[in-house]
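Please look through the model below before reading on. My notes follow it, point by point.

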Amino acid sequence: MPAPHGGKLQDLVARDLPRHNALLEESTKLAHQWVLTERQLCDIELILNGGFSPLDGFLNRADYNSVVSSSRLEDGTLWPMPITLDINNESFIKGKVQSGERIVLSQDGEIPIAILTVQDIWQPDKSVEAAKVFRGDPEHPAIRYLNEQAGDWYIGGSLECIQLPVHYDYPGARRTPAQLRAEFDSRHWDRVVAFQTRNPMHRAHRELTVRAARETNAKILIHPVVGLTKPGDIDHHTRVRAYNEIVKRYPAGMALVSLLPLAMRMAGDREALWHAIIRKNYGATHFIVGRDHAGPGKNSKGVDFYGPYDAQELVESHRDELQITVVPFRMVTYLPDEDRYAPIDTVDTSVTRTLNISGTELRRRLKVGASIPEWFSYPEVVKILRESNPPRPKQGFALSLLPGNLKVSTKQLSTALLSIFLQFGGERYYKVLDRQFDDAEVLHELINDFVHAGSGLIIPTDVTLVQSKLTNVYTVGNSDDADIKVSETDGSVFDVVQRVVLFLEDNGYINF
């Protein structure tokens, strides 16, 4: 088993356990408290449990500048990702918090997690961080986060642990580095290949990980990210249920699932290097690095943010220093005539028939309820995905009526639509949302809740101000940008209802 990065596992939980009561009491007396954001909670958990060894706190200014410019801490230790406590409240900074002061960091403002001894407070040049760490494309999700969500001040300093952040789900699967290393020892696993994923796993993933294990004479750590991933990714609850099913398909004693509370940055090659260091801290000896590993795909111009092999090349270039062996991700394909998977680089596709289902095609099949063959995924996994990604006839929708350009009464149209939908019956719940909301964010949240619950919502007002944040919401009116365009000749409620019903049928929400 490799030594932790930097030579020592920075397990602050164990280190500070003898002082737990004193630290907890001190936290109630400190003048300043910072409520950790969702991303900061992920970061602090991996600092405290040693997943980010050799870090023992949020980066100070010197370490931050060194990491941004050279992927190394100031002392020369390889570390590619700036781990910062960003603050978006200037009143918390100016004249309030000074170097040397101790502040409590909490979860939800209620659970004290750690005490930070402030070393540095500064305003970073985010444009430099964006350019050097994430390559500068303003459409990159991490750069958007920097510019739109991250605070303008950074605070660096060491941490003393009160407790890890609280999770109410999957407590037995959230192993710390110390726990996972102990698990490997108890199982006599001295060679472990780690597999990073933020997506559901299917038969091809099972095949490629088994091949990687056999080629390296190692066991398999399925180590999925359950912190923040790419916007639009499948939620971790769905994925974990799928992982727990697919791990049953491995040879007995070959594979183990453990969850990683990481907030991904989608930083391509730098992120792959970071992932390798984290897996080394968790006790893995080998790490599978994929094609375009941790890349966010393409920007709006269709240009990839990262090259397909940038990640593999960067991690491989640090092989000796990392002391973890890179296992290149070998794409496998299904051979229907032989009913087996094989690495695609070993197959002559000009003479051998192959089958694949892309992620886009999988999402389409889930959306429309089309079949997903067993050669692609196991029925138990598909069932889980269908539960969380219902086909259109089971999805919710909302209709926003535009009263300013409809010739008919929106009240009568709402009543008519509700009556027609109830006539269709089925499992969908229908409701007219005719309350007035002063807070657009409250309205947005309520609409999304109804839609995600599979309801059919009729809104007799224009919600286009918040529509960009909504899903399956369609406007009804005679304006050019209306989703359901009502013509000048549609002068009755019945005419408009027919337009709406045909639209919903064409888009798969209603089946006759």
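The points below go from the whole chain to single residues.

1. Ground rules. This is a predicted model, where local features need pLDDT of at least 70, side-chain atom pairs count only at pLDDT 80 or more, and totals for chains, interfaces and linings use all residues. Residues are numbered from 1 along each chain as its sequence is written, and side-chain values use heavy atoms, with hydrogens and water left out.

2. Overall build. The protein has 18 helices and 18 strands. Helices (H or I, at least four residues) and strands (E, at least two) are DSSP runs, numbered from the N terminus. The C-alpha atoms fill a box of roughly 75 × 70 × 40 Å along the principal axes.

3. Of the 512 residues, 53% are buried. Buried means under 20% relative accessible area, exposed over 50%, and partly exposed in between (1.4 Å probe, protein chains only). Among contacts with a separation of 6 or more, 72% join residues 24 or more positions apart. A contact means heavy atoms within 4.5 Å.

4. Surface and charge. The protein exposes about 23400 Å², and carbon and sulfur atoms supply 48% of it. The areas come from the Shrake-Rupley method with a 1.4 Å probe; for residues, only the protein chains shown count as cover. There are 57 positive and 67 negative charges, and their mean positions are 4 Å apart. Lys and Arg count as positive and Asp and Glu as negative; His and the chain ends are not counted. Each charge is placed at NZ of Lys, CZ of Arg, CG of Asp or CD of Glu.

5. A five-stranded sheet. The order is β15-β16-β14-β17-β18, in an open sheet with parallel pairing. β15 (430–432) and β18 (484–485) are at the edges with a single partner strand each, so one side of each has no neighbour in the sheet. Two strands pair if DSSP finds at least two bridges between them. β17 (residues 473–477) and β18 pair in the parallel sense over two bridges. G477 has K485 in β18 as its bridge partner.

6. Strand β10. β10 pairs with β7 (residues 192–197) in the parallel sense over two bridges. In that pairing, A194 has F287 as its bridge partner. Four bridges join β10 to β11 (residues 325–328), again in parallel. V289 stands opposite P328 in β11.

7. Backbone points to check. Most residues other than glycine have a negative phi, and most peptide bonds are trans. D292 has a positive phi, near 50 degrees; D292 is in the loop between β10 (286–289) and α12 (310–317). N472 also has a positive phi, near 55 degrees. N472 lies in the loop between β16 (456–459) and β17. A cis peptide bond joins S53 and P54, with omega about 20 degrees. P54 is in the loop between α3 (38–48) and β2 (57–58).

8. Residue S27. Is S27 buried or exposed? S27 counts as buried because its relative accessibility is 9%. S27 is in helix α2 (residues 20–27). Leaving aside residues up to four places away in sequence, S27 touches V104, P112, I115 and I162.
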